[in-house]
Structure formats: C-alpha cells, structure tokens
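Biologist: Please take a single part of this model and go through it closely. I would like to know where it sits and what lies around it.

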Amino acid sequence: MTKIHALNLTQYQLNARELDQQHDYFEQLIERLSKTLIQSNASIHRETIMIELNSFARFHFISEENLMKLANFPDYKAHKAQHRELLGALEKFESKLDTSQSKASVDNAFTFLIDWFGEHTATMDKLFFDFLMRQKLSGDNRE
Ligand SMILES: [Fe+2]
Ligand SMILES: [Fe+2]
C-alpha cells in the first residue's frame with residue numbers, strides 16, 4: 001500500500017506548506033479510518049469517519065485549486081479533474097460501507113483509495129509545488 005505522507009516542503013513558500021499540513025492531517029484521518037475498519041463492525045463508527053474524510057477531501061481540494069488559480073498554474077484543469085475522480089471514488093467507497101459488502105471488498109476499495117491518494121500527492125501535487133517553487137525563485141531573481 002502506498003504510504004501517504006506530506007512532502008515536507010520546508011523550502012517551499014508558506015501557502016504550499018499549509019497545503020502540505022493538510023496532507024499530514026489527511027494521512028491521520030486515513031489511519032483512523034483504517035483502524036476503525038479493522039476494529040469495529042459498527043457502521044455508525046465507519047460512517048462518521050467517512051463523513052469527516054469526505055468533508056476534509058473536499059476542503060483540501062478546494063484549497064489547492066484556489067491556490068492554483070491564483071498562481072495561474074497551467075495544469076489546473078487536469079489536476080482538478082483528478083480531484084473530482086477521487087471524490088467519485090470516495091463516494092463509491094462510502095456506498096460499499098453502507099451496503100455492508102464483504103470485508104475483502106471493503107479492504108480492496110480502501111487500499112485502492114489510499115494508493116490513489118498517495119500517488120496523487122507524490123506526483124500531481126508535487127508538480128504544482130515545483131511550479132510554485134519556480135515562480136518563487138523567478139520572483140526572487142527579479143527583486
Ligand atoms: Fe493535495
Ligand atoms: Fe491535488
């Protein structure tokens with residue numbers, strides 16, 4: 001399973017670091033959900049964490065997209081499309097939990113989500129952060 005972890009962007013500008021703190025929090029939420037899926041069959045526990053995960057994913061994606069628009073990031077549309085894809089996958093995962101499908105099917109869907117999110121952060125988000133970094137450097141050179 002891909003590990004989701006923040007990119008530790010100490011060298012990046014402040015707003016990119018804020019986004020990365022959100023990645024940290026996302027990682028913690030997913031760990032909590034993972035533990036709950038293992039420890040509890042009570043659907044109410046799963047549902048409450050799923051609501052939190054879903055809300056946080058929406059908030060995080062909007063934060064990222066707003067920053068992309070402000071920075072005139074050229075790959076904004078493709079990045080946003082990936083965010084929408086993940087939200088769609090999250091919804092499907094939620095409905096699997098609702099209909100109490102087999103543990104294996106829930107586990108598979110969960111692993112898919114984690115891998116997907118980990119991959120997105122390490123590749124697509126990294127591209128955006130690199131773009132911000134280049135912008136910052138060219139701005140510094142102009143001063
Ligand atoms: Fe992100
Ligand atoms: Fe993203």
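Modeller: Helices here are DSSP runs of H or I with at least four residues, strands are runs of E with at least two, and both are numbered from the N terminus. By that rule Phe110 belongs to helix 4, which covers residues 103-142, and helix 4 is the part I will follow. The model is predicted, so to speak of local features a pLDDT of at least 70 is required, and side-chain atom pairs count only at pLDDT 80 or more, while totals for chains, interfaces and linings use all residues. Residues are numbered from 1 along each chain as its sequence is written, and chains are lettered from A and ligands numbered from 1 in the order in which they are written.

The setting comes first. The protein has four helices and zero strands, in the order α-α-α-α along the sequence. Two residues are in contact if their C-beta atoms, placed from the backbone, lie within 7 Å. Among contacts between residues at least 6 apart in sequence, 66% join residues at least 24 apart.

Phe110 of helix 4 is partly exposed, because it has 18 C-beta neighbours inside 10 Å. The cut-offs are 20 or more other C-beta atoms within 10 Å for buried, 12 or fewer for exposed, and anything in between for partly exposed, with C-beta atoms placed from the backbone. Leaving aside neighbours within four places in sequence, Phe110 is in contact with Ser34, Leu37 and Phe93. Phe93 is 17 residues away from Phe110 in sequence, and their C-alpha atoms are 7.2 Å apart.

Across the whole protein of 143 residues, 11% count as buried.

On the helix 1 side, Ala16 is buried because 22 other C-beta atoms lie within 10 Å. Ala16 and Phe129 are 113 residues apart along the chain, yet their C-alpha atoms are separated by 6.5 Å.

Lys35, in helix 1, counts as exposed because it has 11 C-beta neighbours inside 10 Å; its C-alpha atom is 10.0 Å from that of Arg46, eleven residues away along the chain. Asn72 lies in the loop between helix 2 (43-70) and helix 3 (76-98), and with 9 C-beta neighbours inside 10 Å it is exposed too. Most residues other than glycine have a negative phi. The phi of Asn72 is positive, near 55 degrees.

Last, confidence. pLDDT is the predictor's confidence in each residue, from 0 to 100. The protein averages 80, and 78% of the residues score at least 70. The mean is lowest in helix 1, at 80, and highest in helix 3, at 87. Where pLDDT is low, the predicted coordinates should not be read in detail.
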